[in-house]
Amino acid sequence: MAKTKVSLTVNGNEVEAEVDSRTLLIHLLREHLNITGPHIGCDTSHCGACTVDLNGKSVKSCTVLAVQAQDGQVLTVEGMANADGTLHPLQQAFMDNHGLQCGFCTPGMLIRAQRLLQENPNPTEDEIRAGISGNLCRCTGYQNIVKAISAAAQQMNMKEAAE
Amino acid sequence: MNEQPSRKEREAALEGIGTSRKRVEDPRFTQGKGNYVDDIKLPDMVHGDFVRSPYAHARIKKINKDAALAVPGVLAVLTADDLKPFNLHYMPTLAGDVQAVLADEKVLYQMQEVAFVVATDRYAAADGVEAVEVEYDELEPVIDPFKAMDKDAPILREDIKDAKEVGGHGPRKHPNHIWTWEAGDQKATDKAFKDADVTVKEMVSYQRCHASPMETACCVASFDKINGALTVWGTFQAPHVVRTVAALISPLPEHKIRIISPDIGGGFGNKVGVYPGYIMAIAATVVLGIPVKWVEDRIENLSATAFARDYHMAGELSATKDGKITGLRCYTLADHGAFDACVSASKFPAGLFMICTNSYDIPNAFVSVDGVYTNKTPGGVAYRCSLRVTEAIYMVERMVDILAQKLGMDPAELRMKNLIKPDQFPYTTTFGLQYDSGDYPAAFKKAMKSVGYDALRKEQAKKLEDFKAGKSRSLMGIGVCTFTEIVGAGPSRVCDIVGLVGTFDSCEVRVHPTGVAIARFGTKSQGQAHETTYAQILSTEMGIPAADIEIEEGDTDTAPYGLGTWGSRSTPVGGAACANAARKVRAKAQKIAAHVMEVSEKDLEWDIDTFRVKGAPDKAMTMKEVALAAYSNVPEGLELGLEAVEYYDPPNFTFPYGAYICVVDIDADTGETAIRSFYALDDCGTRINPMIIEGQVHGGLTEAFAIAMGQIIDYDEAGNVIGASFLDYFIPTAVETPIWTTDHTVTPCPHHPIGAKGVGESPNVGGVPAFSNAVNDAFAALGGVHTQMPHTAPRVWEHAKELGLVA
């Protein structure tokens with residue numbers, strides 16, 4: 001099968017790869033670029049474990065072709081921490097509020113939550129629940145995830161107010 | 001001079017039992033650095049994928065590999081005929097049956113594995129799968145388990161059609177019959193029913209469903225031809241069991257097989273058994289000499305790996321007219337699918353179903369279960385419960401509500417009347433189980449008070465009046481469940497796996513010279529946070545801060561032998577091994593401390609993390625100081641070093657219990673249900689980490705909600721599996737999931753070293769009946785007796801329609 005060259009920015013790094021035209025973005029990330037934070041949980045775009053940020057939008061990377069990300073900006077969970085190694089408030093809040101158990105849905109959940117808080121910096125509990133409804137979790141029952149996202153939002157707003 | 005830390009500061013530094021210690025697993029999981037099986041990449045690794053049957057029952061006429069082998073990247077196509085010379089076309093199951101690794105001449109369920117295609121990458125493997133040509137002759141399938149033993153039913157298992165028994169469980173009545181299991185005193189129970197004022201009977205079905213963890217089953221197998229050594233990374237809840245089974249069915253000796261369970265993305269019972277994909281990846285790496293990865297997709301996971309439940313239970317209760325339960329009878333038909341791959345201890349084909357007398361003082365009981373083959377996927381795993389416990393508790397909890405309805409009593413009052421009293425402990429059930437400890441009435445009273453039970457019943461009565469008067473179309477249901485679980489399998493005298501290995505578990509602790517430690521276990525966390533909680537037990541027992549203790553599990557080359565994590569056994573069995581190993585370390589440390597301080601051992605007392613000389617508290621040695629001395633200055637006759645191993649064979653099961661109350665509002669015209677509130681009180685004995693316990697309860701309740709309200713793996717008449725993708729199979733999102741209220745009482749387990757009982761599965765066992773009782777309760781005053789799960793809107797609406805409540 002003829003290969004197509006694709007170039008994009010992933011977590012701030014410019015990358016290039018030769019892929020089949022049918023290669024999915026999730027496989028470009030995981031198999032070609034060794035970015036294994038995003039996971040595959042269903043292959044049918046229901047579970048959200050593969051969620052990444054593409055050009056400022058949450059996408060399920062199992063349903064996006066790698067070539068569709070040409071020249072795109074991709075952010076995965078690996079790119080969430082600050083340059084100095086300190087964690088994103090959401091990462092910290094998930095740890096502080098027991099927002100994860102097996103950890104398999106967590107990368108997708110976190111990357112979705114960071115986009116949600118940019119879309120809506122002050123979400124109500126219902127808005128958080130609706131905002132992460134594309135991401136399934138089998139372990140936590142969501143209660144502590146919602147709590148974590150809410151705590152992170154508060155913390156980020158307080159920090160912004162202080163600046 | 002340095003200020004000595006206070007006792008409080010030292011205690012805080014330990015982060016021992018009872019503290020909500022933050023999880024040490026989280027930094028890697030929140031930064032994308034977990035190490036799950038599909039993240040593993042080895043040099044030259046290739047991928048395997050299955051050709052699966054489109055039919056439920058068919059003879060394989062011909063398999064043509066040529067077109068597939070011509071697909072670029074395809075390296076091999078393996079069928080049953082390729083495995084036969086090595087006797088690998090069948091594998092043993094945990095239930096004592098065999099299961100086809102690749103279909104041998106005949107397929108027995110839709111999506112059964114027919115051929116294994118190996119290719120350079122997963123896309124090429126999928127292309128290869130498409131190109132394999134299989135010719136079938138369709139046969140009549142058996143889908144309804146109640147027709148499996150009909151005289152003219154087609155014989156499904158030709159491979160064992162003459163076998164007198166399967167798994168050593170006695171004579172078979174029909175070629176599609178697997179076994180009959182019975183327990184209890186039939187004569188005494190029949191008499192109780194004969195003498196009873198009131199009896200009730202109902203067919204209570206617990207539908208086929210699937211645990212469906214977020215990560216599907218997968219493995220990477222790598223065979224080193226030169227050293228004759230096999231390494232398999234896989235989604236295994238019980239890695240040592242996998243190693244032993246692999247050694248028994250392959251020519252490889254057990255010490256040349258290394259099984260590694262890395263991070264596991266949820267298990268819930270689905271990852272206990274052995275699947276054809278594991279065997280095929282191993283067969284392929286042995287043949288090809290390069291590593292082979294197999295990863296199933298979600299549709300394969302839901303339709304071809306082990307299902308749960310599928311128990312059809314004719315429950316019966318007998319009682320006096322004032323509500324004292326005198327007898328329980330239950331005849332169950334168990335649909336096991338095409339092979340008996342049920343996960344059970346060898347002696348218990350129906351698991352621990354004898355827990356069905358539950359929290360009640362029921363003097364007479366008799367249960368009987370028939371297992372049958374059908375043209376469905378094999379399985380029968382315990383989806384977040386101990387073996388067949390959730391089925392048993394669901395049956396009896398529905399029956400208690402049905403009895404209350406017949407007696408005209410409140411379901412809570414009937415329960416309270418029959419609960420085992422605190423002074424009856426230890427309590428031996430009519431089946432001979434010895435319940436360890438509990439105060440059931442106290443827990444239930446606390447639950448009723450917390451939800452304002454009486455006020456809820458008044459509100460419900462008012463709503464019913466409004467409904468009857470045509471003022472409202474909304475109905476309210478209150479679901480009550482009091483339950484006792486049986487977990488921590490189990491005493492080796494009664495429990496073993498494949499008739500070989502007792503269900504003990506193990507811990508090995510090594511304290512290093514600088515006073516930090518590593519501990520390894522035979523269990524395997526799949527999200528339960530063992531790295532966090534085992535360290536808490538060790539820290540309390542040894543006086544070494546939890547943060548200074550590394551926990552390792554899952555590698556059979558390094559971990560002591562254990563039976564893995566399932567049936568809530570890690571805390572009851574692994575946690576006990578952990579405490580006892582730590583106590584051995586401390587006992588040795590005490591000898592060393594006495595020797596160094598030149599006092600007698602009995603002159604020392606333990607103070608959190610320090611040995612002090614009685615009467616001279618300033619003369620002391622911390623565990624950290626003793627650790628260093630252990631490597632240089634020990635008393636004569638004592639060996640150097642500070643480590644211990646414990647293989648713990650529990651004297652009994654543990655019996656966590658709880659009281660749950662659910663309130664649901666139902667729109668009679670649409671059948672839509674809204675869970676208004678859910679209160680869960682659990683007593684799991686000593687609480688190691690309250691934060692993690694609460695998280696386990698949240699998760700278990702959410703799975704219970706999913707099962708009761710929506711999950712079903714169904715089949716049409718032709719045996720096509722329906723609903724086996726996340727489009728159809730109900731996994732609640734954050735929007736549907738109710739908000740949980742958790743509570744607890746603490747009744748320590750008397751036979752466990754730290755008094756812990758286990759908690760991970762209680763919410764599933766107690767949750768499902770609470771939801772189902774709530775839905776049924778909404779219709780109880782309108783003539784409804786029982787409606788089968790799952791309680792989806794269309795089914796609830798049908799029920800309302802049957803009762804004449806909707807036009």
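1. In this predicted model, chain B holds an open sheet of seven strands with mixed pairing, and the strands follow the order β3-β7-β1-β14-β11-β12-β13. The edge positions are taken by β3 (74-79) and β13 (257-260) of chain B; each has a single partner strand, so one side of each is left without a neighbour in the sheet. From one strand to the next the twist averages 20°.

2. Within that sheet, β11 (residues 218-224) and β12 (residues 229-234) of chain B run antiparallel and are joined by six bridges. For a reader who wants a place to look, Ser222(B) stands opposite Thr231(B) in β12(B).

3. Helix α8 (residues 276-288) of chain B lies across β1, β3, β7, β11, β12 and β14 (292-295) of chain B. Relative to β11(B), helix α8 of chain B runs at about 25°.

4. The domain assignment divides chain B into domain 1 (7-34 + 505-648), domain 2 (37-139 + 216-264 + 271-304) and domain 3 (307-489 + 653-802). Taken over C-alpha atoms, the centres of domain 1 and domain 3 of chain B are separated by 38 Å. Their contact takes 22 residues from domain 1 of chain B and 23 residues from domain 3 of chain B.

5. Which elements give two or more residues to the side of domain 1 of chain B that touches domain 3 of chain B? They are α14 (530-542) and α15 (570-597) of chain B. Of the elements on this side, α15(B) gives the most, with seven residues. By class, the residues of this side of domain 1 of chain B divide into eight nonpolar, twelve polar and two charged.

6. Between the chains, 40 residues of chain B are in contact with 44 residues of chain A. On the side of chain B that touches chain A, the elements giving two or more residues are α2 (26-30) and α17 (690-709) of chain B. The largest share of that side, six residues, comes from α17(B). The side of chain B that touches chain A has 15 nonpolar, 16 polar and nine charged residues.

7. In chain A, the axes of helix α3 (residues 106-119) and helix α5 (residues 143-162) come within 11 Å and cross at roughly 45°. The two helices, α3(A) and α5(A), are therefore oblique to each other, and their crossing is right-handed. Met109(A), Ala113(A) and Leu117(A) in α3(A) meet Ile145(A), Ile149(A), Ala152(A), Ala153(A) and Met156(A) in α5(A). The contact of α3(A) with α5(A) has eight nonpolar, no polar and no charged residues.

8. A helix pair in chain B can be described in the same terms. The axes of α10 (residues 389-407) and α11 (residues 411-418) of chain B come within 9 Å and cross at roughly 110°, and that makes α10(B) roughly perpendicular to α11(B). The crossing of α10(B) and α11(B) is right-handed. Val400(B), Asp401(B), Leu403(B), Ala404(B) and Leu407(B) in α10(B) meet Pro411(B), Leu414(B) and Arg415(B) in α11(B). By class, the contact of α10(B) with α11(B) has six nonpolar, no polar and two charged residues.

Technical notes: Residues numbered from 1 in each chain as written. Chains lettered and ligands numbered in written order. Predicted model: local features only at pLDDT ≥ 70, side-chain atom pairs only at ≥ 80, totals over all residues. Pairing = 2+ DSSP bridges. Helix = DSSP H or I, 4+ residues; strand = E, 2+ residues; numbered from the N terminus. Axes fitted to C-alpha atoms, helices over the stretch in contact; angles between N-to-C directions. Contact = placed C-beta atoms within 7 Å. Nonpolar A, V, L, I, M, F, W, Y, C, P; charged D, E, K, R; others polar. Domains from an automatic or database assignment. Parallel < 35°, antiparallel > 145°, perpendicular 65-115°, else oblique. Left-handed = near helix turned anticlockwise from the far one by under 90°.
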